[in-house]
Amino acid sequence: MTAVQHWNLRLDGPDQALALHRMLMDRKFDGPPDVFFGSPFIAVVQHRLLDMIAEADPAKEQDWHRWRQAEHHPHRVKQVRNYLQGVKGWPTMTADTRRQFVRDLFAPLLPSEDLLEELMGHES
């Protein structure tokens with residue numbers, strides 16, 4: 001297989017992008033956590049997809065910015081907090097690893113620094 005430097009995914013419009021975003025959010029947060037919950041690969045895709053959606057409609061870009069703030073989704077914050085209770089190896093993770101792991105759990109939502117610090121300080 002030839003190494004690919006940059007991958008492109010063709011979407012025919014914002015409706016397809018929104019459908020993919022919705023499916024990823026539902027898959028990630030609606031059900032028991034699995035290997036995809038907190039996956040750094042899925043997190044990157046979710047962030048890029050939502051960036052595309054927001055940029056496609058400048059009139060709604062601020063709405064998307066507000067929507068992405070994790071604190072506006074208390075049920076998602078609770079899910080992440082509960083998930084962290086059972087993370088094996090949490091005490092041995094470095095601060096940088098914990099920080100990125102928590103960010104990946106929230107993707108495409110963005111936790112504030114205060115929330116991030118609170119969750120990183122959690123001992124499992």
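Is Glu113 buried, exposed or partly exposed? Glu113 is partly exposed, because its relative accessible area is 44%, between the limits of 20% and 50%. Good morning, colleagues. The model that I present today is a predicted one.

Let us begin with the charged residues. Side chains of opposite charge can pair when their charged atoms come close. In this structure there are nine salt bridges, and I shall discuss some of them.

One of them joins the side chains of Arg99 and Glu113, with a distance of 3.0 Å from N to O. Arg99 belongs to helix H5, which covers residues 95-106, whereas Glu113 belongs to helix H6, residues 113-120; the pair therefore ties together parts that are 14 residues apart in sequence.

Arg99 also forms a salt bridge with Glu117, and here the closest N and O atoms are 2.5 Å apart. Since Glu117 lies in H6 and Arg99 in H5, this pair ties together parts that are 18 residues apart in sequence. Glu117 is partly exposed, at 41% relative accessibility.

Glu113, for its part, meets the side chain of Arg103 in a salt bridge of 3.5 Å, N to O. Glu113 is in H6 and Arg103 is in H5, so the parts that this pair ties together are 10 residues apart in sequence. Arg103 is partly exposed as well, with a relative accessible area of 31%. Through shared partners, these salt bridges join Arg99, Arg103, Glu113 and Glu117 into one network.

I now turn to helix H4. An α-helix has 3.6 residues a turn, so residues three or four places apart point the same way.

Let us consider the packing of H4 against H5. Their axes are 10 Å apart, and the two helices pack at an angle of about 135 degrees. H4 is therefore oblique to H5. The crossing of these two helices is right-handed. On the H4 side, the residues that meet H5 are Arg76, Val77, Val80, Tyr83 and Leu84. On the H5 side, their counterparts are Phe101, Val102, Leu105 and Phe106.

My last topic is Gly38. Where is Gly38 found? Gly38 sits in the loop between H1 and helix H2, residues 40-56. Gly38 counts as buried because its relative accessibility is 7%, and buried means under 20%. Leaving aside residues up to four places away in sequence, Gly38 touches Lys28, Phe101, Asp104 and Leu105. Gly38 and Lys60, by contrast, are 22 residues apart in sequence, and their C-alpha atoms are 27 Å apart in space.

To close, I return to the network: salt bridges with shared partners join Arg99, Arg103, Glu113 and Glu117. Thank you for your attention.

Key: Residues are numbered from 1 along each chain as its sequence is written. This is a predicted model: local features need pLDDT of at least 70, side-chain atom pairs count only at pLDDT 80 or more; totals for chains, interfaces and linings use all residues. Side-chain values use heavy atoms; hydrogens and water are left out. A salt bridge is a side-chain nitrogen of Lys or Arg within 4 Å of a carboxyl oxygen of Asp or Glu. Helices (H or I, at least four residues) and strands (E, at least two) are DSSP runs, numbered from the N terminus. Buried means under 20% relative accessible area, exposed over 50%, partly exposed in between (1.4 Å probe, protein chains only). Axes are lines fitted to C-alpha atoms, for helices over the stretch in contact, and angles run from 0 to 180 degrees between N-to-C directions. Angles under 35 degrees count as roughly parallel, over 145 as roughly antiparallel, 65 to 115 as roughly perpendicular and the rest as oblique. A crossing is left-handed if the near helix is turned anticlockwise from the far one by less than a right angle, and right-handed if clockwise. Contact means heavy atoms within 4.5 Å.
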